[in-house]
Every structure is written in structure tokens, then in C-alpha cells.
Amino acid sequence: MANGGPVEHDYPHLDTVRASITALYKRLSYDTIQTFDTSVAPVDVAFCATDDLHLGAQRVARELVRHYRLPDARMIVGFREMTHAAHVELAAGPEYFVELNDRFRTHRRDIGAALAHEVMHVYLHRLGLSFPGTRENEILTDTAATYLGAGWLLLDAFREDGASSQKLGYLTPEEFGYVLAKRAQLFGEDPSVWFTSAQAYSAYEQGRARARSDERQPPLTAAGWVGRRRYVRDRRHARDDLRSASPEVGASGMGVPYVFTPEGRGAALRVSFPCPTCQQRIRVPVRGRVRARCGLCRTVLECDT
């Protein structure tokens, strides 16, 4: 939790975020992810100033348990002084003890955001899905909460001005916006209507622009002129390397998502690139216009290889 200190921006964790989305599809399957087509509604996690602190926190926790489809899990929420925003004990269940930072006694509007992250820890624990390393695992948790419909609360908790700042979670605001945009495209949502923070809206717009750029990378037909020109050059070099039996065949330029590899023993090539929806790598033959279907998320992609 950044509380008055500097807030990290841009996309320093983007590779881990993308790996997290792929891991979700692999562990949950396309069909299960489709059941999360409705995000947590603002009214269901709203916290009024007149609400009892502990009863209100328990109510919000129950709503997030319901949203994540953990009917046999019970969250017991308490408050204490700590450095981080919250902590959950990942025991066998069905009861889980969640501790929230004392700051939330007076910043009640953000209790839902803190609980969205902690209840997702329980969800992933039960799935047996984790990444090695604390930071990578926390990024997975933020990404999963956002992609499955509760992470907009974490982005909305981001507020920054000349005198103070607040941010919850391990993703940067723009990375939260990126994942939200991926979800919005999948389910046809517009999460921006739920934001109460102007800074959250701005971060979402930036993240959405980055997410859309994934859909305009070669060899997708939506690629722009500059990207397409570079792709054609790299493809020519890959064919030249193949003809000369160069050990570098398949290498592509720095900063591009595609890689060329030889197909069989002839002069044919394949190109692999990440699916813009789930980030799973797809391999297709280099033979002009082709239509590819991602086997993981079922997205149909129009390509010009």
C-alpha cells in the first residue's frame, strides 16, 4: 500500500501480468472464466459512514466470497496496525482470518478493494495456483482479481494529487487499467462508469491503449503500416537465414512479439506470436492470409503471415 509516498507507474510488471492471464486460462479453462462475465457491482460493496465497521466489513467479505464462488469459505475480518494494506492466513479453511490495516477504520470506501485482493488469495490457494516468489505471486493475485471482476475496486482506490497519494495492490495503476481493458473487451464491459477516482479513470485509459496495441501487432491483419513493414523485413531475413542454414534462423528483432522458426526440412517457415486475449503463444505457417484459432481462449485471429 502506497500511503502518501511515491506511486510507481507504467508497465514494469507486464510480462508477469501476461503470464498470469495465461495461467488463469490454463488452470480455470475458458468455460470457467466465462462464468465471471459480471463484475462486482458498486452497490454490493458500498460502505456507508453509518455502517457498523465490523458488520460492514463482514458483509463486503461475504459478497466477494459469493462473487469468487467460494460458498463454503467464511472470512473473519479484523483491524490492526501494519505496514501492508491487509493480510490473510491461508489455512485449510473453511474459516479464514483477514486483517485489515487500521487506516481502513476511517477510509471505509476502500475496504472492498483490500478484501478483493485478500479473498482472491484464498481462491488461488484453493486452486493450487501460484507463482514462485512473493512479488510474482502478489502480481498474479492482483491480475486474477481484476480479470475475474473485482479488481476495478483496487484501481478505484488509486488517488494522487500534489499533497498526498494512495494506491493498493502490487500492479501499477496503468497495469490495472491494462488488465481491466482485457476483461472489458472479453465481456463487453465499461468499468470506467464505476470509478470515483479521476486518477483511476486516467490510468484505465492508458492501460486500454496499451491493451489495444496487443491487437495491432504483426502478423495480425490489424497491424499498422510501421509494424507490418518491419514484419516483412524480419520475415525476409528469416528466409535468408534458413536458406544459408544459419544458426540464427528464427531470431527476430528486439521489441517484437513474433518469432520465426523452420517448418520441417524444406524452406518453409512458421511464425509464433502471443494471442492478444490470453497471451498463449500461437504457431501458424507463413503462407499469406490465414485464420488461427487459439486453443486456450478460443479467440479467432485473422493473420497475414
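**Exercise 1.** Find the handedness with which α5 passes α7.

*Solution.* α5 passes α7 in a right-handed crossing; that is, the near helix is turned clockwise from the far one by less than a right angle. Helices are DSSP runs of H or I, at least four residues, and strands are E runs of at least two, numbered from the N terminus. This is a predicted model, where local features need pLDDT of at least 70, side-chain atom pairs count only at pLDDT 80 or more, and totals for chains, interfaces and linings use all residues. Residues are numbered from 1 along each chain as its sequence is written, and side-chain values use heavy atoms, without hydrogens and water.

Next, the geometry. α5 spans 134-147 and α7 spans 173-187. They pack at about 35°, axes 9 Å apart. Axes are lines fitted to C-alpha atoms over the stretch in contact, and angles run from 0 to 180 degrees between N-to-C directions.

Last, the residues in contact (heavy atoms within 4.5 Å). α5 gives D142, T143, T146 and Y147. α7 gives F176, V179, L180, K182, R183 and L186.

**Exercise 2.** Work out the strand order of the open sheet that holds β8.

*Solution.* The order is β7-β8-β9, with antiparallel pairing. Strands pair if DSSP finds at least two bridges between them. β7 (259-262) and β9 (281-285) are the edges. Four bridges join β7 to β8 (269-274). In β8, V271 is the bridge partner of F260.

**Exercise 3.** Describe how β10 meets β11.

*Solution.* Five bridges join β10 (289-293) to β11 (300-304), and the two run antiparallel. R291 stands opposite E302 in β11. Six residues lie between the strands of this hairpin, where R298 takes a positive phi near 70°.

Note on methods: Buried means under 20% relative accessible area, exposed over 50%, partly exposed in between (1.4 Å probe, protein chains only).
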